[in-house]
Amino acid sequence: MLETTHSLIKKVGKQLGLSDKQIADVLKINAEHRFEIELDNGKKFPAYRIQHNNKRGPYKGGIRFHPEVDLDEVRALATLMSLKTAAVGLPMGGGKGGIVVNPKELDKEELEELSRKYAKYLAPHIGPDKDVPAPDVNTNSQVIDWMLDEFESITSDSSHAAFTGKSVGRGGSLGRDTATGRGGVIVLRELLEKLGRSDKPLTYALQGFGNVGSFFSLSASQLRPQWTMIAATDSRGGIKDFDGLDAEEVNKFKSAGGALKDYGHGKMITNDELIGIKADVLVLAALDGAVTNNNMAQVQADIVVELANGPVNDEAYEYLTNRGVIVVPDILANAGGVIVSYLEWVQNKENRRMNEIEVNKELERYLARATTQIYNYSQKQKVSLKEAAVAIAIKRLI
Ligand code: NAD
């Protein structure tokens, strides 16, 4: 993933006529914090916080708890965050954190201790004007609340602006939960409008009915009721129904802890089948590397939305783009999360609250503007949407 991110920056940097020094500046990581967290019971976990670039504002980026977290992946995700915040015009930089852990194997007390120790170690290096972490895969507002509490108990800061993605009671923003999924719907809607396809009915298949994926489907059913979800999966597979799956019902089922394959309506499918399903749009909301040279030829959709970070690898991206498939790049498609994180940070710093309507309106404004800029650039320069987004970001970073 790091190699893919770097080669993309180098390629676009060359298209922009940048010098090797300027490209090296964009690639450069400012600081790396690598440490080990030891719980009182002796269990040990490697942990990272990578601070890539803060030219435009404090580092910003999520914290992932996952057994496959590795340093290069965190470096890549931190770099992508700098590109993302720049591409959508936020005055923030890019960072990312992670702990190599399977949180499902920890009880609640262990999870709290792990979260608090992570924040305690990083306390000298983060803060409202330095680095503002947020949730990512397997972390949620509870984890962030523990981290914030720990941070504020050992620093003099009480603004709650050191972390975003907090619970609303602890200074979190309304609309943050839904922001990434909702943002994906807004970006897709804006693009379809530019392509002259907004009035047509549309089917989509969704890989990864988790936090982001579930809110994509719920927001789509609210904002674009003419879109039909015909398949959805989680890590154990899922279901398809060409008559349409009801987002709210599927969501209720998932919230109760069920695996999608046991949903009971439609036909069971594997994750492999989902990639090749006949739908207008394939929405990838699980993890990176979902579409690679192993399965890229199976894709039948003519639009692929990268709602996760890096779900389409380099080779597959090029192959699909050459085939005329529009791949909506992650740094645009999933930027809704960081946009509302930024709004949360602003609310904390200014000690005010926005209601959900105001938050959603601002989210729309940022994403509609970014989508238009990126689309126009790609048309004018005859490059893919990803190259356009990266070009706009790099120009803002140098
Ligand atoms: P999550 O853990 O809530 O959801 C991930 C979902 O993917 C789960 O339902 C899991 O079962 C499923 N999954 C895992 N492997 C799968 C596979 N092989 N096939 C199908 N489904 C699979 O995580 P999330 O917060 O929804 O994040 C998903 C992606 O979105 C990540 O790449 C994350 O970095 C990215 N992202 C998240 C946010 C955010 O606000 N949470 C913001 C930007 C980007």
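## Charges on a predicted protein model

Glu318 counts as partly exposed, because its relative accessibility is 48%. (Buried means under 20% relative accessible area, exposed over 50%, partly exposed in between, with a 1.4 Å probe and protein chains only.) This is a predicted model: local features need pLDDT of at least 70, side-chain atom pairs count only at pLDDT 80 or more, and totals for chains, interfaces and linings use all residues. Residues are numbered from 1 along each chain as its sequence is written, and side-chain values use heavy atoms, with hydrogens and water left out.

Glu318 lies in helix H10. Helices (H or I, at least four residues) and strands (E, at least two) are DSSP runs, numbered from the N terminus. The protein has 14 helices and 12 strands. Of its 398 residues, 58% count as buried.

Now the charged pairs. The structure holds 28 salt bridges. Each is a side-chain nitrogen of Lys or Arg within 4 Å of a carboxyl oxygen of Asp or Glu. Here are some of them.

| Pair | Closest N to O |
|---|---|
| Asp136 and Arg64 | 2.6 Å |
| Lys386 and Asp330 | 3.9 Å |

Lys386 sits in helix H14 (residues 385-397) and Asp330 in helix H11 (residues 330-333), so this pair links distant parts of the chain, 56 residues apart. Both Lys386 and Asp330 are buried. Arg64 also counts as buried, at 6% relative accessibility. Asp136 is buried at 18%. Lys252 counts as exposed, at 52%.
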